[in-house]
Amino acid sequence: MNGRCIMKRFARFFENLQQDFKIFAYWCLVLLFFRMIFIYVYSSQLDGDFSEVLEALWLGLRLSLKTAGIISLLGFVLATLPNIIWQKWPVITVKSIYHQLVGYVFAFLFMARIPYYKIYNSGFNMMLINGFHDDWQAIFHTAVQEYQLLPRLVGVLLLGYVLQKIVKPILRSRTISFASLRYRKIVMAGTLLSIPIIWVFVRYGGAFSYENSINWESAARLRSNMLNEAILDDGQALYRVYCNKRMLDKVHNVNISKAELQRRIANAGGNPQAPTVEEAFLHTVAAPKLAHKPQNIVLILGESFGQWPFLEPYTKLGLVEKMRALQAQENCASINTMLPNASGTIGAVNGLVTGFPSSNLYLNYSPNSFKDKYAMGIGYIMQKLGYKTVFWYGGFPGWQNVQTFVLAQSFDEFHAADEFNYQGGNAWGCPDEFLLYKVHNYIKQEQSGEKVFHLILTTSNHPPYSIDVDSLGFPREAIREKLPKAIKNTEQNLTEMGHIWYADKTMGDFIANVESQKPDTLFVITGDHSERFTFAVEQDNRTRSAIPCIFYGQGVRKDWFKDNYVGCHMQLAATLAELAAPSGFRYSAFLPSMFEQDSFVFNHNLAAFQGEICALKSLDAREKWRANDMRTIAVWRVVKGNIIE
């Protein structure tokens with residue numbers, strides 16, 4: 001190949017490269033614009049403190065260099081590189097089609113991010129993975145009714161069209177002709193040398209070393225969660241999901257030796273010499289906390305039933321007065337710092353039904369969950385205590401394979417909305433009052449001496465918030481007058497609070513009705529998760545993520561749990577065993593019961609110890625590895641079986 005041919009090829013490369021850099025700058029500006037709109041939409045959460053907004057925009061721009069670089073690189077590979085070899089390659093057409101398609105993709109992601117943050121207080125996160133296993137029909141109906149799906153899709157088309165109109169003239173704009181330059185060899189050498197330098201600069205987010213770089217893991221540098229999430233553009237947020245999934249896949253890698261498994265068991269607090277995983281984590285009841293074994297134990301897992309309405313300054317709203325009235329009774333005990341197993345309902349169900357930590361393994365779909373019973377599960381332990389186990393769900397049995405799953409995991413019966421006659425309801429199931437009415441009737445008809453454990457999963461406190469709470473007595477206007485500044489005075493917020501009020505009311509009425517029929521019933525009230533209500537001002541981990549945990553019934557003592565005690569879903573089965581099992585009863589559990597407070601508890605991303613909640617990643621290395629080791633052991637139990645070999 002002679003020098004003239006090389007120069008011609010480089011000339012095409014040089015002129016196309018200019019277009020690539022223009023496109024790179026274009027995408028940086030588009031992502032910056034999206035970031036500014038997002039901050040504006042949720043600016044009320046800053047509570048008037050805008051001191052970190054410019055820093056968020058600067059950090060976000062640096063991080064978006066990576067996203068814009070990847071987008072531009074793919075266009076470079078599809079169009080610029082082939083044109084070096086084939087002069088007739090339709091480089092402008094290929095780039096135009098590619099970047100228009102990318103524009104529509106990012107328009108969709110941007111329009112989806114607004115309601116997504118409202119729901120999860122986060123940009124795209126691991127709940128996306130969970131969504132692939134959820135009830136798509138119910139999700140669709142909720143998106144239409146609650147989150148304006150159809151108008152947002154129109155918005156996607158309009159925004160994509162605008163981006164398309166902008167990108168076309170950029171691609172057709174004039175470039176500097178290589179042939180018109182005087183020092184072409186110097187320009188050629190400078191161009192080739194500058195490309196790797198620019199790439200390193202983009203790769204490290206506006207820096208030339210890892211120490212000074214920015215990535216999605218190190219982007220959360222500000223006080224505001226909203227601004228930290230704004231720093232991540234949608235491409236980086238999706239990359240976060242990918243990285244977290246890959247990390248969990250590593251946790252799921254159980255191709256480890258027997259010695260390594262035993263080391264992890266020892267690190268997790270178990271007996272490494274035990275022949276099975278479940279025997280490695282055996283506990284023995286010294287003496288039952290309850291002198292009388294209750295005929296019925298009722299565990300209510302309330303949909304989106306968070307701890308925040310129990311906290312100051314929200315108690316004055318009166319959203320959970322019936323549960324607070326229970327807490328005031330002498331025969332009631334509460335854990336003030338309680339973590340859910342995960343940020344979604346099925347994660348809570350998995351944690352209770354198996355006793356395993358959240359690992360994103362989707363135990364409700366794992367084949368071995370239908371071949372073997374997990375001895376740490378709440379159904380298994382309650383059966384060993386002589387209780388018939390009944391699972392009640394206000395939704396439909398096909399959701400997340402829940403009926404098949406719980407029946408395979410030591411529940412004798414399963415009942416859901418498809419069996420009930422009810423009025424109202426929505427795509428997620430029946431109103432809570434009808435579900436709890438059916439449970440009450442079932443309890444009334446129980447045989448004398450029959451011991452039954454009921455696990456009740458409610459559904460009503462969930463989008464699309466379709467219960468007519470006002471007709472049921474919800475004091476909307478009285479609550480409106482009491483709203484603190486952290487809650488916006490909107491009808492939507494009041495309606496959501498009305499559903500918290502409704503959940504509290506129906507649970508309180510149900511407990512009173514059952515107690516009048518079966519006074520020795522032990523009630524446990526908790527939530528599946530929190531993190532759904534959108535505050536106008538950012539909140540701490542306790543307000544945002546903690547759930548209540550209330551024990552109520554004959555023989556319960558208020559002084560069981562000190563103010564700084566902590567708990568999590570994984571401990572509920574162990575705690576019930578310590579309450580109702582006879583002395584010497586042995587059960588398996590990763591974490592000790594809530595009566596023992598010598599260690600931290602954890603969930604998918606938070607940890608709690610001595611009344612404080614923090615990010616799991618902020619724990620020291622040993623404690624973080626202990627949590628990861630428990631996850632690995634649980635995955636081993638699911639994938640490899642119980643025997644340590």
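**Exercise 1.** In this predicted model, find which side chain meets Glu450 in a salt bridge, and where the two partners lie.

*Solution.* Start at the charged ends: the side chains of Glu450 and Lys388 meet in a salt bridge, at 2.9 Å from N to O. Next, place each partner: Glu450 sits in the loop between helix 16 (432-444) and strand 7 (452-457), while Lys388 belongs to strand 5. The pair is 62 residues apart and links distant parts of the chain.

**Exercise 2.** Lys388 also meets Glu413. What does this pair tie together?

*Solution.* Check the distance: the Glu413–Lys388 salt bridge has 3.4 Å from N to O. Now look at the elements: Glu413 is in strand 6 (residues 413-415) and Lys388 in strand 5 (residues 388-393), so the pair ties together parts 25 residues apart in sequence. Finally, consider accessibility: Glu413 counts as partly exposed because its relative accessibility is 22%, and Lys388, at 23%, also counts as partly exposed.

**Exercise 3.** Take Glu260 and Arg264: are they buried or partly exposed?

*Solution.* The two form a salt bridge, with the closest N and O atoms 3.0 Å apart. Both lie in helix 10 (residues 258-267), 4 residues apart, or about one turn of the helix. Now apply the cut-off, where buried means under 20% relative accessible area. Glu260 has 22% and is therefore partly exposed; Arg264 has 14%, so Arg264 is buried.

**Exercise 4.** Step back to the whole structure: how many salt bridges does a search find?

*Solution.* The search gives 20. Some residues join in a network of salt bridges: Asp470, Arg476, Glu477, Arg480 and Glu491. For the charge background, count 63 positive and 55 negative side chains, with the centres of the two sets 14 Å apart.

Technical notes
Residues numbered from 1 in each chain as written. Predicted model: local features only at pLDDT ≥ 70, side-chain atom pairs only at ≥ 80, totals over all residues. Heavy atoms only, no water. Lys, Arg positive; Asp, Glu negative; His and termini not counted. Charge placed at Lys NZ, Arg CZ, Asp CG, Glu CD. Salt bridge = Lys/Arg side-chain N within 4 Å of Asp/Glu carboxyl O. Helix = DSSP H or I, 4+ residues; strand = E, 2+ residues; numbered from the N terminus. Buried < 20%, exposed > 50% of the residue type's maximum accessible area, 1.4 Å probe, protein only.
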